[in-house]
Amino acid sequence: MTRIFLTLIGFIGATITIAQAQTSQRAWSPYEENPTCLISKTYFNKIGTMWSIPTYSDAAMILKWHVAGDQFTNELSYTDIEKFSACFDGQRDCGLPVNHEIANTLKSREIAPGSATDAYFKNPPPESAIRFAMGTVGDCFGTAGSGIFLDEVGMSEMALPMDICTRAGKTIYWRGKRERDQAPKMTDAQIARYDNWGRLVFGMTNLRKNRPDPKPETCSLVPSELVPSFMAFYDENGYGAASDAAAIAAAEQAAQQEAKEKAEAKAREIAYLRESKRKELLSRTDRERFGTLDGCQIAYSYIFAGINRPPTSFIVDPVPDGAIGWALRYEQAHKQGNACPPMPEVLSDWLQKQDTKLFVAYGASYEFRGKRPVVYNDNDWKNFAEKWMWRNQTISDPDYRQGSNCYAAVWHARNIAHDWSSMTLAEQDFVGLALKTKPWGAPGSAFCTVIPPEILPLAHKTWSRAYNQQMRAEAAQQAKWDAANAKEAARRAQIDAAYDALGNWKPSNNAAVSTRCYNTETTKYGVRQTCFTN
């Protein structure tokens, strides 16, 4: 009796202990505690009131069940619950019994408190489910998985560079359609079979919100079937040498030498470009350098070039303090038609250091004019054109209809203008702008605010001549079409008349009437005749 009583007390105590364990989250060993677990402590981050598994897998769901305890059904996203139903209706073998009632409840995405399904998930996952899950997520179940060895579930503990597993995971993530040649060799069947493992490994370095911090450097868990391929990839790509101190030192030295050679090559390239640019700039006349710019405009150009100077720039010293403020005041004065504001002494001193023979006006640099601008609308093209033509005296005429000043100027620049020696600097700039931007798709109407007035007489003359030629050609073509149409109409009329004549034809009735008789029979009364009249 005493023995029975003690046994009963032990059973009740064990039951209470289990009940307490089921009403709290269970202890588990995430990656941070055990590298052979492929899920980090940040993997099950909560979003609002729900838990969403970032890379869904049945194994991750079973682990979540283990971790969440009796709160499992309350915390999960409804989409994950629905996917989990395949483990209970026989579609997938997850180490769980086939139970269509649970499967249908999960598919409905609603688990009623106190229902049979709710009661089922209040219990911890069975050992068979934990065994199944460990074949994907690894040793994450703490004491619940202590009797299960990784080699029993087809996994091997390794110490490979994480880069190898990440490459394999990326290939698996894209189902073998991307970068397969840059990863360990795997068959299509293996890629499909280890899909969940590959996604987890790929996520350990690529899931920004759910990956371990810091990123793993070692891959500790690999499907046993893939170990030979991974080791071959390790050997063939020199990963072993990367861990050798001498090899590391040699690699660093080689990298430093390569960087030095690249820097020297870049320096030679810049020196060559600077010298070529210098020769070209020195060969210009003052008209080509400055156009119609005054002193303030030249100073503004120097400031802008100094702020945005490329390696090939000839600007001496950085732009001084106070120069940018002066440039902003000048912009406002220029827009309002006011006089140029006084220059600060520090700006004047800085300008004295610059070589005027190497001056490049604002909007006239090779870097600006040689690169297609980033444009979103016609107004961006207008701003680009105004900067290009900034050093010239221009007029604005927004009318872009045929025959207008702007239309004629743009048409002339893009179709006729070619005699550069006879053009003013403003004409050269405008023609260069129109030609450069034509293949870029710039509309001609964007240039209506920067028309050089001196281009208009010749532009109207060439456009009118071309327009008149076009009109005459179109008129001649129309006349040809009209003549051909008239000739065809006449031919059709003749055909129609002939058809009408055939349709109205009747036989002639003018033949002479005659009667012919033939003896056909002799009787006692005489000869009988038969007669015909035509």
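I looked up Arg268 and found it in helix H13, residues 245-282. Helices here are DSSP runs of H or I with at least four residues, numbered from the N terminus. The model is predicted, so I kept its limits in mind: local features need pLDDT of at least 70, side-chain atom pairs count only at pLDDT 80 or more, and totals for chains, interfaces and linings use all residues. Residues are numbered from 1 along each chain as its sequence is written, and side-chain values use heavy atoms, without hydrogens and water.

Arg268 is exposed, with a relative accessible area of 54%. The classes are buried under 20%, exposed over 50%, and partly exposed in between (1.4 Å probe, protein chains only). I also checked Arg268 against Thr520: they are 252 residues apart in sequence and 131 Å apart in space, C-alpha to C-alpha.

**Helix H15**

Next I checked the length of H15, residues 295-307. At 1.5 Å a residue, its 13 residues should span 18 Å, and the end C-alpha atoms are 19 Å apart, which agrees. The expected span is 1.5 Å times one less than the number of residues.

Which residue caps the N-terminal end of H15? Asp294 does, with a side-chain oxygen 3.2 Å from the backbone nitrogen of Cys296. The buried residues of H15 include Cys296, Tyr300 and Gly306. I see the buried residues of H15 packing against helices H14 (286-290), H16 (323-336) and H17 (345-352). Contact means heavy atoms within 4.5 Å.

**Arg289**

I moved to Arg289, which sits in helix H14. Is Arg289 buried or exposed? At 6% relative accessibility, Arg289 counts as buried. Its side chain makes a polar contact of 2.9 Å with the side chain of Asp286. For polar contacts I used pairs of N or O atoms within 3.5 Å; within protein, one must be able to donate a hydrogen and the other to accept it, and residues adjacent in sequence count only if both atoms are side-chain atoms. A polar atom of the Arg289 side chain also lies 2.9 Å from the backbone oxygen of Lys357. Leaving out residues up to four places away in sequence, Arg289 touches Leu281, Phe359 and Arg391, among others.

**Asp89**

Last, I looked up Asp89, in the loop between helix H4 (78-84) and helix H5 (100-107). Asp89 counts as buried at 15% relative accessibility. The Asp89 side chain makes polar contacts with the side chains of Gln91, at 2.8 Å, and Lys107, at 3.2 Å.

Definitions and conventions: Helix = DSSP H or I, 4+ residues; strand = E, 2+ residues; numbered from the N terminus.
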